[in-house]
Amino acid sequence: MTSEPGRSARDEATPASPPPQQQPPAPMTSSTADSMHSPLLRNGIHVLVFVLLAFPLGVLAQDARLGGRGHLYSAAILFCIAVFNIVVLPHLETGKRLARPDESKINGLWLYPLTLSLCFLIYPPFAVVGAWAAMAAGDAAASFAGRHVPIPKLPWNPQKSWAGLFGFIAVSIPVCYAALYLVPCKLFLKVDGWPELPYVWTLAVLAAVTGAIVESLPAKLDDNVRVPIVTGGVLWIAALFLSWATHPLPKDTPVQPENLLKALALNAVIGGAALLLKFSNVAGAVLGAVLGVIVFFFAQWQGYLLFLTFAFGGSVLSKIGLKYKAKLGVAEADEGKRGASNVAANLLVPGLCCLAYPMSGGHGAMLLAFAGALCAAFADTASSEIGTFARREPVLITTFKPVPHGTNGAVSLLGFVAATGACVILATLAAYTDFYQHLLSNSPTPWHYRGVLSLILVVAGLLGTVVDSLLGATVEDRYPGLGKGVVNFACTLTGAIVAGGLFWLFNLFAH
């Protein structure tokens, strides 16, 4: 056998090996995607976009030369960015590094600019830029701190940590301050066109804390949607409230914007304490905290001390002898815990008096009416809770005939003494803390004036309890809708009217 030309025997004996085939690329796995994702890059671009766009778009949105259409242009630019992030970004190498491995097609890469676009349509520019600042700086700080600082997880969301929450607040406050200074709320501009700094500071802290709390909450809705919307709404409402509450008052008024921050922080703590001590249920604590914010903001710390004295003193009185009162059928429901209806019946009038203070141009009668309403509420509570322990049966206020304990409209000597003592306690606190200085000239009040004003509070409180007893004996629970809550409301309203009216007369004759 002869070999073919050009082929050796070795070639003939060894079969030709097939050409090597190119292996198909390995499928993308979750671990591969995870290795591509860069949290640092995502946070960095998050901040970079804010730095490059937030201020120009904020200025554009409030540019008066555009005839009120600037916010539409800002919204349109952000909408285009959202479309780009949906259509183009996923196909870019950068987009693949930005995407988290567990993200679906509905994700923050495009929800974020789309939500900001919507915010420019519904909120004023300062609110959008402030919320944007909180989200951009705070989210990046929370993400970094949560990954690198070993601090326990949040009790309401194990996916978040205390380090992330505090990191969010600490970093976003100065960024929000700068944003709200450069794109200010037009309600707080000075003559030179720059904003008043106390308002900027107050709104900046509100934006940072609101954003941090909302971002930390467990929710199905993406935080890139809920944080800007909620934070922007809070900033808008807070600005409207501060403008309404402070601008009608004299320049030397103690009612200042930063008081709102103190009021919110203090009442958050007090509301939590009320829950821990079982003085109120959740609804009662929330409503009490809201009214407490109003009281602290307008009536200052002295008025808030009166408010707390009634709130906690009344709860303590309700818990004294609870088993004995339960046997008589006169104990407060739910072991003496205050619910929302009870809080509203006793504290709504004092809160409304505080809200009426700026509406009156800062007239002191509104603040003394607030204190008179509290005196009436405290006196009524003390007479009801302590009067139960009287050895003799009380008498009905309309007939003076003996009736069982707990009868509507029943009065006793012990109850009257307790009511008087409650009024004296609040009036004494008002005098020694000089709550009255906010009624007259914001300067120390002479002691003889304090004595007269304290007497007014005692009279207002006792007259409030008389009206409560009269209504209890005649109409309470006898007609639809006229229950205990309505009678308590009438009691506090009486105290407010008497105190405010007597102060008006006193102020008239004193000057």
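How do the axes of helix H16 and helix H17 cross, and within what distance do they come? The axes of helix H16 (residues 413-432) and helix H17 (residues 447-474) come within 9 Å and cross at roughly 150 degrees. Here an axis is a line fitted to C-alpha atoms, for helices over the stretch in contact, and angles run from 0 to 180 degrees between N-to-C directions. Helices (H or I, at least four residues) and strands (E, at least two) are DSSP runs, numbered from the N terminus.

The model is predicted: local features need pLDDT of at least 70 and side-chain atom pairs count only at pLDDT 80 or more, while totals for chains, interfaces and linings use all residues. Residues are numbered from 1 along each chain as its sequence is written, and side-chain values use heavy atoms, with hydrogens and water left out.

The crossing of H16 and H17 is right-handed. A crossing is left-handed if the near helix is turned anticlockwise from the far one by less than a right angle, and right-handed if clockwise. On the H16 side, the residues that make the contact (heavy atoms within 4.5 Å) are Phe416, Ala419, Thr420, Cys423, Val424, Ala427, Ala430, Ala431 and Tyr432. H17 contributes Trp447, Arg450, Ser454, Leu457, Val458, Gly461, Leu462 and Thr465. Sorted by class, this contact has 12 nonpolar, 4 polar and 1 charged residues. In this scheme Ala, Val, Leu, Ile, Met, Phe, Trp, Tyr, Cys and Pro count as nonpolar, Asp, Glu, Lys and Arg as charged, and the others, Gly among them, as polar.

Leucine 455 also belongs to helix H17. Its relative accessibility is 56%, so leucine 455 counts as exposed. The terms are set by relative accessible area: buried means under 20%, exposed over 50%, and partly exposed in between (1.4 Å probe, protein chains only). From leucine 455 to alanine 427 the C-alpha distance is 7.5 Å, and the two residues are 28 apart in sequence.

The view may now widen to the whole chain. The protein chain has 18 helices and 4 strands. Of its 511 residues, 46% are buried. Among contacts between residues at least 6 apart in sequence, 73% join residues at least 24 apart. The chain exposes about 25,700 Å², of which carbon and sulfur atoms supply 69%. Accessible areas come from the Shrake-Rupley method with a 1.4 Å probe, and for residues only the protein chains shown count as cover.

A pair of aromatic rings is described by the distance of the centres and the angle of the planes. Rings of Phe, Tyr and Trp (its six-membered ring) pair if their centres lie within 6.5 Å; planes under 30 degrees apart count as stacked, over 60 as edge-to-face and the rest as tilted. A search of the whole structure finds 20 aromatic pairs. In one of them, the ring centres of phenylalanine 241 and phenylalanine 298 are 6.1 Å apart and the planes stand at 75 degrees, so the pair is edge-to-face. Phenylalanine 241 lies in helix H10 (residues 223-246) and phenylalanine 298 in helix H12 (residues 282-319), 57 residues apart, and the pair thus links distant parts of the chain. Phenylalanine 298 is buried, with a relative accessible area of 1%, whereas phenylalanine 241, at 23%, is partly exposed.

Phenylalanine 298 also pairs with tryptophan 244: the centres are 6.5 Å apart and the planes at 85 degrees, so this pair too is edge-to-face. Because tryptophan 244 is in H10 and phenylalanine 298 in H12, the pair ties together parts that are 54 residues apart in sequence. Tryptophan 244 is partly exposed, at 35% relative accessible area. Ring pairs link Phe241, Trp244, Phe297 and Phe298 into a cluster.

Glutamine 300, although not a glycine, has a positive phi of about 65 degrees. This residue is in helix H12 and counts as buried at 9% relative accessibility. Aspartate 477 likewise has a positive phi of about 65 degrees without being a glycine. Aspartate 477 is placed in the loop between H17 and H18 and counts as exposed at 57% relative accessibility.

Helix H18 (residues 484-510) holds asparagine 488, which is buried at 7% relative accessibility. Leaving aside neighbours within four places in sequence, asparagine 488 is in contact with Ala345, Asn346, Asp380 and Asp468.
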